[in-house]
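Hi everyone, thanks for coming. Let me put the structure up, and then we can walk through a few of its features together.

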Amino acid sequence: MNMGEEQIIFYFFAASVLISALCVVVMKNLVRSIFLFFVTLFSLAALYLFALADFIALAQVIIYAGGVLVLMLFAFMLSNRELLSSLNPVVSGFKINNFAGILISLLLLFILFTVIIKTDLNHLNWMQESVPINSSDNTTHLIGIQTMTTYLLPFEILSVFLMMALIGAAHLARKGGKS
Amino acid sequence: MIPIAHFMLISACLFCTGLYAVLTRRNAIQVLIGIEFMINAAVLNFVAFGRYDKISGGGQMFALFAIVLAAAGVAVALAIILNVYKYFKSIDPTKTNTLKD
Amino acid sequence: MGGLNLTENIALIALAAALLPLFSFVFILLSKKGGGANFALASVSLSLVLSLYLFSQLWNTAPVHQQFSWFLIGTVQFYAGVLLNNLSVLMMVMVSGISVLVHIYSREYMKNDPNISRYWAYLGLFCFSMLGLTISDSLLLIYIFWELVGFSSYLLIGFWYSKHTASQAAKKAFIMNRIGDLGFLTGILIIYTQFQTLDLHSLFGDGGLIGTSSIDGDLWISGSQQMPVIWLSIAGFAFFLGAMAKSAQFPLHTWLPDAMEGPTSVSSLIHAATMVAAGVFLIARIYPVFDPLILDLMVWIGAFTAFMAASIALTQNDIKRILAYSTISQLGFMVMAIGIGAYSESIFHLTTHAFFKCLLFLAAGSVIHQLHHYCEKNGHDFDCQDIRLMGGLRKRMPFAFWGMCIASAALVGLPLTSGFLSKDSILIRAFEWGAAREGVFVVLPWVMVLTSWLTAFYIFRLIFKVFLGESREIKMDRLVQINDSPAQMTSVLVILSFFCTFIVFDSNPVSFESSWLWNGFQISMIKEISIFHWLIPLILNFGSIVLIFVAYRIYVRDKGSNKMEVSWLYHVSNREWYFNEIYNFMFIRSVEKLSLLTYRFDRTVIDGLVLSVAALTKIISSIADWFDRNIIDGLVNSAGSLSRYIGRFFRNFQSGRLQNYLTTMLLLMLSFFILSYLI
């Protein structure tokens with residue numbers, strides 16, 4: 001593929017991400033926003049591929065789309081009737097809080113844009129000394145080796161952390177007494 | 001190749017969208033989704049910068065860790081939301097205002 | 001009382017005689033209700049004994065004069081003391097004697113009255129004032145007792161104060177007496193200005209200051225002072241005004257008929273014998289001050305009063321009113337007598353009048369008393385004082401009848417009575433005086449003769465209507481229930497009847513010059529005309545007997561009485577010459593209008609001023625209140641509400657909402673970032 005097509009597909013997926021993300025936050029119906037969140041996650045995985053992070057892309061799909069999203073859906077579905085029915089619709093129109101939120105988001109966006117555009121990324125020190133990943137590299141192999149050597153401690157801590165989160169969530173969500 | 005700036009811009013947009021969702025949504029689950037957006041934007045950023053790091057692959061590693069942490073966070077957050085609902089009978093964050101003066 | 005000389009003893013006895021009734025007054029007021037009769041009688045009897053003693057010692061001797069210094073004003077010393085000459089001791093005996101008799105009479109007459117102790121107290125006060133009046137030695141002291149006598153009279157007239165007419169009559173008497181008192185006071189002031197002393201003895205005694213003051217041109221000159229001569233006349237008139245009010249002369253006579261509202265015993269004591277005589281007593285005491293002008297005025301007023309009162313008495317129907325007008329008429333005689341210079345005749349008539357008028361009143365009182373008893377027993381209610389309703393009481397009440405007859409004979413001046421001596425003496429002197437003057441003054445004695453004849457007519461009209469003829473109101477069969485009064489009352493009538501005869505006063509029934517009383521006072525300067533001494537009595541008595549017979553025919557035989565009632569003369573007389581109506585029109589209505597005017601002025605203007613000040617204060621206070629409440633409190637409150645507002649504003653930041661906290665935090669962070677790095 002030449003540059004042109006790559007960029008078109010990239011921009012298509014970028015647009016998909018952005019549009020679906022926007023729809024997620026604007027939609028009143030929770031179910032629809034969760035499903036659009038699903039679309040966003042998949043589009044993000046596609047974007048990861050363009051950054052030559054194939055393992056991360058798959059991990060994203062498996063963990064997020066297959067784990068988090070399903071968890072959300074199930075939690076939402078299996079909750080009480082009242083939980084379902086107490087979904088307040090977002091107040092239509094622009095309220096003050098909405099206005100503040102939009103303002104902050106736009107402001108932050110403006111700041112980030114300004115910083116990003118002003119920065120000459122290609123001429124950063126570490127960028128010039130970096131060794132980029134080629135498309136023919138085996139990132140899985142890379143990730144595996146790094147996990148067991150450089151990032152071993154975080155990996156173990158992460159597993160303990162996951163166990164903590166598991167126990168904690170299970171305890172919090174138990175029926176009967178409250179914590 | 002796609003310039004890294006594009007990735008960063010998309011990440012910035014996604015982040016701001018997530019921030020908007022956190023600040024203005026009346027449903028705790030939608031707030032959670034907003035948080036997820038912000039984490040995903042960070043992950044995108046990690047991945048974009050990780051392309052230039054073959055030596056230690058830090059970007060992709062941290063992206064992995066971030067995804068795992070986000071998932072754990074979602075689980076705990078949902079449990080919390082459940083408890084909050086039991087007490088306040090609502091998942092509207094504006095209703096949980098007992099800390100009000 | 002050793003160590004005091006004779007004159008001081010005498011003065012102390014006189015003082016004791018006067019003060020005894022005062023002690024009775026005070027004691028009875030302070031003691032329990034219902035008592036006092038014996039105490040009052042005892043004190044007044046003691047006064048009588050002391051007065052008789054003084055009389056026996058001092059009659060026709062040199063006057064006793066004792067005084068002590070009373071009070072000091074600036075450098076002027078005022079004295080108070082006792083002056084006892086013939087006039088004083090005679091008056092003392094008369095007053096205390098009649099008081100004793102009235103006290104005895106009142107024991108029975110007022111027996112069942114619930115306020116009896118007040119009655120005795122007031123009688124005591126009156127006796128004290130009257131006796132004090134007679135023994136006073138200075139004009140100031142006389143004035144004080146004069147006022148006291150008027151006050152006691154007011155208390156006694158209004159004794160039954162719950163009766164509206166009684167309290168009105170008391171007020172009327174007091175007010176008219178005040179008019180006279182004003183005159184008296186004016187006279188005192190003029191005398192004092194001229195002579196710097198008020199002592200009677202030095203002013204009016206032999207060789208007194210008034211006698212030695214001279215009139216030079218148009219100036220009245222005394223030792224150190226001189227003033228225009230008109231003041232002498234004014235002083236004389238002023239004193240005479242006082243006497244006019246007290247002795248009920250025209251025009252100040254209208255109080256005396258209304259004063260009959262008091263008990264009959266009071267009327268007999270005060271308004272017949274003693275108080276009304278006080279006026280004549282005064283002008284007798286200060287006789288030297290009157291100049292010929294005033295004396296002539298006295299003559300005319302006295303004569304007019306006598307005639308007018310007699311004419312009114314002809315047609316009155318209330319027993320006591322007839323007797324009241326009779327009193328006024330006789331007082332007119334006395335005043336006229338002083339006016340013509342018949343000093344001793346006037347005093348003589350004063351004394352005899354006291355006794356027979358008292359007897360007339362007490363006899364009338366006994367009739368009224370018995371008729372009241374009859375009314376109570378039988379429930380038959382009629383006016384017990386109206387002579388038209390009486391009749392035929394002669395057989396039933398002989399004491400009253402004979403007492404009244406004797407007193408009427410004395411009043412008319414029939415021979416063998418004391419009145420014959422005194423009244424005819426006045427008339428004889430009047431004719432002698434008239435003969436010495438010319439012009440209209442000759443007529444005056446004939447007016448008095450006519451008055452005497454009218455006197456005969458009206459008093460026997462009274463007797464015939466009350467005692468003779470047929471009983472008008474009470475049926476004949478019921479008449480037997482009426483008996484004469486109890487012994488206490490009738491014995492007094494008997495005693496008084498004795499005093500109405502000539503025996504007490506003169507050994508010779510026909511000639512007054514041999515009376516010891518008449519000889520005790522100064523002889524008049526009028527030229528004697530001896531023919532009058534038997535002619536005038538003859539004319540008088542003849543005319544009186546004729547008129548008595550005429551009255552007998554009219555009232556007992558009932559012939560010709562109805563014709564009289566329609567003529568205008570009858571009406572004028574019956575309505576008392578319309579004096580009350582005239583006075584009401586002239587004085588009372590204007591005073592009432594003035595008082596209404598001042599009342600309205602007071603209510604609207606003065607009270608209006610006060611109320612408007614109050615309203616103004618209220619307005620100012622409400623403005624201050626508004627100011628205080630809104631502005632000052634507003635300032636304070638606004639400080640509070642400002643802090644509350646600020647607090648509430650900042651409170652809202654702690655909304656408890658997570659997203660708000662996030663919003664605020666991010667906003668601040670971003671603005672900080674923008675401000676520090678990008679700008």
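Let's begin with one pair: C:Ser69 has C:Tyr79, in strand E2 of chain C, as its bridge partner. Before going on, this is a predicted model, where local features need pLDDT of at least 70, side-chain atom pairs count only at pLDDT 80 or more, and totals for chains, interfaces and linings use all residues. Residues are numbered from 1 along each chain as its sequence is written, with chains lettered from A and ligands numbered from 1 in the order in which they are written.

Back to our strands, which are DSSP E runs of at least two residues, while helices are H or I runs of at least four, numbered from the N terminus. E1(C), residues 64–73, and E2(C), residues 76–84, run antiparallel, joined by nine bridges; pairing takes at least two DSSP bridges. Two residues separate them in a hairpin, and C:Gly74 in the turn has a positive phi of about 65°.

Is E1(C) well covered or hardly covered? Hardly: one of its ten residues is buried, meaning 20 or more other C-beta atoms, placed from the backbone, within 10 Å of its own.

Now the interfaces, with contact meaning backbone-placed C-beta atoms within 7 Å. Chains C and A contribute eight residues each; on the chain C side, six are nonpolar, two polar and none charged. Here Ala, Val, Leu, Ile, Met, Phe, Trp, Tyr, Cys and Pro count as nonpolar, Asp, Glu, Lys and Arg as charged, and the others, including Gly, as polar.

Between B and A, 59 residues of chain B meet 70 of chain A. H3(B) gives the largest share of the chain B side, 19 residues.

How values were computed: Contact = placed C-beta atoms within 7 Å. Buried ≥ 20, exposed ≤ 12 C-beta atoms within 10 Å, placed from the backbone.
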